[in-house]
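Okay, thanks everyone, let's get going.

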Amino acid sequence: MVGLTRFLSLVLPLVITAGAANAAPAPFGTSKALPVSFQVDGGSGWCDRGVTVRLRAASANVLTDGSEQFQQMLGRIRAIIEGDCQKVRNIGFYGRTKGGEVSVGESSKLTDWVYVPFKLHGSPAVCKGPSNDDLCGQRWRVFHDIRGLFLKGAFSEAVLTRYLSTDEGADAEFVSGDARGRVAFVPLTTGIPFADAATFLQQQIQQQSQRCKGGYTQGELTPLGNDAASQGGTCRTTDRTTHSHFVISKAPDGFEVIAFSDFTEKGMSGRRLAAELNAVLSGTELAWSDIKHESRNDGTPGFTGSACSSAAQEFALLGSRPVAIRLVSERTDEPGQWALRTATNARGETSRDAWQMRIRNLTDAEYATVQRGDKFGYWLLYRLAEDRRGIQFESQLYVGQSSTECVPFRAPRAVSAESLPNHIAELYADNLDLHSGDDSLKGKRAALQQWIADRARANADHDAALQGEVAKLQQMTEAYPVPLMLALSDFSAACFALDSNYSVTFTDDFVTRIDIDGDGDLDYIATGDGVVCQDSGGVAHLRGSDNSGLRVLILTNASSGPALALDAKVSGGTVQRHNGFAVLDGGSGAVYQIADGKSQPLQTSPEGGEIVYSLGKPVAIGKW
């Protein structure tokens with residue numbers, strides 16, 4: 001069996017994250033207004049960012065009519081869940097009757113908790129606005145991608161303001177703090193001339209630069225892997241500063257573009273969003289958004305109450321786990337120098353150690369700057385910097401100039417872990433949640449150094465494993481085309497909805513390569529019997545086919561590569577080769593003609609075809 005989970009995580013992120021246990025029992029109950037009962041999955045560990053709710057009713061109508069009472073009931077269930085689980089971000093609702101599952105939908109913070117019903121059992125996708133099946137399909141594709149990023153941890157502050165609408169406009173639009181953005185899928189059929197995401201991205205940045213009526217600063221191009229790239233830029237005019245950012249990824253049939261701008265002076269919402277997206281798409285740790293600092297009760301303003309808190313955001317960089325300690329000046333008689341040490345409280349006690357720093361070769365202007373810090377405060381910030389060389393630390397001194405102004409002093413400095421002040425090492429141990437059993441300063445420093453060594457080793461192992469994954473992925477892409485994997489994303493979502501620890505696998509003979517239309521190219525035939533949702537012990541809980549029929553997926557070769565021509569459920573039958581086309585006779589009147597990467601139903605099966613593939617009866621496990 002070959003695992004599908006890793007493949008789908010690369011082409012369409014749709015994973016609900018498992019979480020830590022919660023002592024509170026899982027909510028359950030019965031609606032007073034409707035004949036519906038509900039039960040939250042997960043037992044005592046139910047509270048997570050993604051929560052699953054099972055709805056049961058005697059009649060399917062009450063679960064599918066979308067009535068106001070139904071919406072109100074879901075709102076009350078969501079309020080109960082939020083009240084007991086503040087970290088929840090996504091609630092999946094699965095409605096069942098005695099006959100099986102009849103509805104699937106979700107409410108999430110991404111849509112401001114609006115209930116979105118999903119496609120079920122071959123039903124057509126539904127969008128708001130004029131009827132346009134192709135455009136609606138594209139809007140659903142973008143919605144699923146953004147939803148997947150949301151479940152992975154990005155867009156922590158984002159709310160979709162436009163989605164699943166066929167009205168004229170972007171495929172999706174959103175706000176995230178002060179940032180405003182849009183998402184668009186650009187098909188290759190539009191004639192777009194770019195070979196990769198990086199080239200497309202550079203063109204977008206160039207356009208931004210040309211439109212800027214002031215000074216434009218171009219950010220660094222960041223390759224994210226899997227044919228994705230990220231880059232931003234800043235336009236400064238006399239009246240405002242605009243931070244814009246683009247994240248572009250390439251699929252076999254086009255490009256997906258996420259673009260957003262932040263018009264505030266510092267643009268922190270845009271920077272935060274860019275860092276979150278980069279972290280998710282590159283498979284790195286999610287970003288840390290706060291500066292951890294010492295809390296003291298000595299009558300002087302704390303870090304959050306100082307002007308340096310705002311000024312330091314630029315240096316802190318989301319994701320760098322920043323920490324800060326307060327310093328005070330110390331007398332020195334040497335000309336052109338200034339001495340600083342860790343602060344003391346009202347009793348004259350130092351903050352855990354007597355660490356000192358000296359600033360040498362001061363110019364007159366620099367001397368005036370640090371001298372003002374005597375009145376308005378000094379703060380030393382550290383951040384983690386990780387690159388191919390491993391993990392290192394960087395420090396930056398901030399000096400208060402007034403009650404509202406704080407400035408960085410000179411450039412950041414690289415600092416080894418061994419040279420960190422004791423209190424900084426302690427703050428980092430707490431910041432990274434490192435618990436060694438020894439809470440002494442020595443123990444925390446040892447835990448930090450062990451974490452750095454483990455991280456370096458893990459990064460090396462990850463790089464080696466990634467090379468193997470890339471090789472496997474290339475092999476899988478040749479054997480199992482991306483359009484086929486995307487078509488199975490609904491089954492993947494159903495599997496993860498049962499249990500986020502389940503995995504989707506498929507058998508070695510899942511795909512058959514055979515020329516079905518007489519053009520000399522080998523086409524693809526796959527059936528749902530070869531797709532299995534199983535637990536870690538290998539026990540199957542769902543198959544891609546069920547009692548309602550055998551799922552058949554047929555791909556034929558087009559100029560742009562394999563194209564999904566048919567995805568249908570039948571009771572059995574045969575695939576017949578004709579001159580220039582193929583016919584699937586699935587029994588019970590289900591007949592389809594397949595040609596040029598598309599399919600259409602027929603009243604009867606034409607004569608004269610050669611049977612090239614026989615379909616068996618479905619092997620059903622579960623219903624989805």
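First, the ground rules. Residues are numbered from 1 along each chain as its sequence is written, and side-chain values use heavy atoms, with hydrogens and water left out. This is a predicted model, where local features need pLDDT of at least 70 and side-chain atom pairs count only at pLDDT 80 or more, while totals for chains, interfaces and linings use all residues.

On confidence: pLDDT is the predictor's confidence in each residue, from 0 to 100. The protein chain averages 82, and 85% of the residues score at least 70. The stretch to watch is residues 1–23, where pLDDT stays under 50. The model does have 68 contacts for that stretch beyond four places in sequence, a contact being heavy atoms within 4.5 Å.

Now the overall picture. We've got 13 helices and 34 strands in the protein chain. Those are DSSP runs, H or I of at least four residues for helices and E of at least two for strands, numbered from the N terminus. Of the 624 residues, 47% are buried. For that word the cut-off is under 20% relative accessible area, with exposed being over 50% and partly exposed in between, using a 1.4 Å probe and protein chains only.

The accessible surface of the protein chain is about 30,200 Å², and carbon and sulfur atoms account for 48% of that. The areas come from Shrake-Rupley with a 1.4 Å probe, and for residues only the protein chains shown count as cover. As for contacts, take the ones between residues at least 6 apart in sequence: 57% of them join residues at least 24 apart.

How many turn up in a search of the whole structure? Five, where a disulfide is a pair of cysteine sulfur atoms within 2.5 Å. If you count the bonded cysteines along the chain, the pattern goes 1-2, 3-4, 5-6, 7-8, 9-10.

Let me show you three of them. Cys47 is joined to Cys85, S to S 2.0 Å. Here Cys47 sits in the loop between strand S3 (36–40) and strand S4 (50–57), and Cys85 in the loop between helix H3 (68–84) and strand S5 (90–97), so to speak of the pair is to speak of distant parts of the chain, 38 residues apart. The S-S torsion is about 80°, so this disulfide is right-handed. Cys47 counts as buried at 5% relative accessibility, and Cys85 does too at 0%.

Next, Cys127 and Cys136, with an S to S distance of 2.1 Å. The torsion about that bond is about 90°, so it's right-handed. Cys127 is buried with a relative accessible area of 17%, and Cys136 is buried at 5%.

Then there's Cys212 with Cys235, sulfur atoms 2.1 Å apart. Cys212 lies in the loop between helix H5 (197–211) and strand S11 (215–218), while Cys235 is in strand S13 (residues 228–236), so the pair ties together parts that are 23 residues apart in sequence. With a torsion of about 85°, this disulfide is right-handed. Both Cys212 and Cys235 are buried.

On to the cores. In soluble globular proteins, nonpolar side chains tend to be buried together. By nonpolar core I mean a set of buried Ala, Val, Leu, Ile, Met, Phe, Trp, Tyr and Cys residues joined through side-chain atoms within 4.5 Å. So which members of the largest nonpolar core touch the most other members? Out of its 34 residues, they are Ile146, Phe155, Ile258 and Leu277. Elements giving two or more residues to this core include strand S8 (158–162), strand S15 (254–262) and helix H6 (268–282). Helix H4 gives the largest share, seven residues. Leaving out residues up to four places away in sequence, Ile146 touches Leu110, Phe155, Leu160, Val183 and Ile258. Apart from this core lies another one, of 32 residues, among them Leu327, Val370, Ile391 and Ala425.

Last, two single residues. Glu101, in strand S6 (residues 100–108), is buried, at 9% relative accessible area. Ala198 is in helix H5 and is partly exposed, at 26%. Beyond four places in sequence, Ala198 is in contact with Leu221 and Ala229.
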